Amino acid sequence: MTFSATQSVIASIQPYPTCNHQPQPPHHLSQKLQSKSTRISVVKTQQLSSPTTQEPKRESDCECFNLYKELVPYKQAWSWQKSIVKEKKALIERNEDCPDSLLVLQHPPVYTMGTGSSEKFLNFDLKDAPFDVHRTERGGEVTYHGPGQIVMYPIMNLRNHKMDLHWYLRSLEEVIIRSLSNTFSIKASRLEGLTGVWHGNQKLAAIGIRVSQWIAYHGLAVNVTTDLTPFNWIVPCGLQNYQVGSIRELLGDIESFDGSSRKQVRDPDDGQLLDIACKSLINEFSEVFQVGINYETISRLEFLESELVKLL
């Protein structure tokens with residue numbers, strides 16, 4: 001049984017992209033960001049500490065490949081996902097433990113389209129596209145991925161959680177909503193009938209998934225310091241009357257309404273914002289899905305990919 005669901009994914013970065021403009025957060029928010037950056041640390045050891053009344057017991061572990069400081073080509077990340085999915089299906093067939101996995105990264109500029117995406121949402125000729133275009137097996141319409149976006153690809157065994165796609169999509173949205181609220185004081189929400197996370201009519205994060213034999217992959221992308229210009233060359237997620245926003249731009253909007261003396265505090269640059277956003281998203285992912293985070297190295301991904309090649 002194979003399912004496909006919902007709207008776009010976004011993502012990527014060079015080892016710290018910069019914007020032409022540098023809108024700054026207000027003084028009180030700068031202090032909050034700095035305190036959060038030192039406080040948020042998702043470190044998971046092999047043995048979990050005893051649960052307390054404040055922190056519920058983790059139900060399972062999740063291996064995490066945190067590559068967000070690198071620009072990972074889309075096809076490479078896609079191949080890694082398929083390798084992990086294949087491994088998980090094999091574990092399930094053998095009735096062995098099948099924990100979750102999480103890829104965190106950024107992409108070079110690229111457009112991706114879902115299984116049933118329509119070319120009418122492209123404002124360019126495919127033969128003369130400004131960036132590479134990939135049609136994938138995820139659900140949803142076209143979206144852009146580029147430097148300054150944090151992309152999370154959870155490869156989840158939904159048997160460990162709930163075999164319910166609606167619950168899974170809402171949970172991915174919850175990860176982003178909590179991160180924006182708790183870390184950046186940005187009021188974000190869902191819009192009825194749509195998938196993703198919004199601030200007003202600005203879409204800050206997109207979600208697109210594929211589920212095969214209750215293994216979910218593809219995932220979510222959050223605009224942090226992203227250059228939003230490439231979104232003008234498509235109709236993002238096929239939504240005509242909505243805008244795309246980013247954390248950096250919203251912090252600038254907040255500053256324009258706040259006359260605080262922010263110069264007394266060193267304001268976060270784009271690299272710091274990406275650091276903070278990445279740590280926050282992993283932390284909220286751990287909390288929402290009640291998993292402990294085990295950090296893995298890229299060598300394991302390379303091994304899985306090589307094993308998949310042997311089978312092809």
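Trainee: Which residue is the bridge partner of A206 in β10?

Mentor: Please keep in mind that the model is predicted. The partner of A206 is A221, which belongs to β10.

Trainee: How many bridges join β9 to β10, and how do the two strands run?

Mentor: There are 8 bridges between β9, residues 202-212, and β10, and the strands run antiparallel.

Trainee: What about the turn of that hairpin: which residue takes a positive phi?

Mentor: That is Q213, with a phi near 55 degrees. The hairpin of β9 and β10 has 2 residues between its strands.

Trainee: And β7, how is that strand joined to β10?

Mentor: β7, residues 149-157, is joined to β10 by 6 bridges, and this pair is also antiparallel. Within it, N223 of β10 stands opposite Q149.

Trainee: Changing topic, where is S118 found?

Mentor: S118 lies in the loop that links β4 (110-113) with β5 (132-135).

Trainee: Why is S118 called partly exposed and not buried?

Mentor: Because its relative accessible area is 23%, whereas buried means under 20%.

Trainee: Which residues is S118 in contact with, beyond its neighbours within four places in sequence?

Mentor: Those are M113 and E141. As for G140, its C-alpha is 9.7 Å from that of S118, with the two residues 22 apart in sequence.

Key:
Residues numbered from 1 in each chain as written. Predicted model: local features only at pLDDT ≥ 70, side-chain atom pairs only at ≥ 80, totals over all residues. Heavy atoms only, no water. Helix = DSSP H or I, 4+ residues; strand = E, 2+ residues; numbered from the N terminus. Buried < 20%, exposed > 50% of the residue type's maximum accessible area, 1.4 Å probe, protein only. Contact = heavy atoms within 4.5 Å. Pairing = 2+ DSSP bridges.
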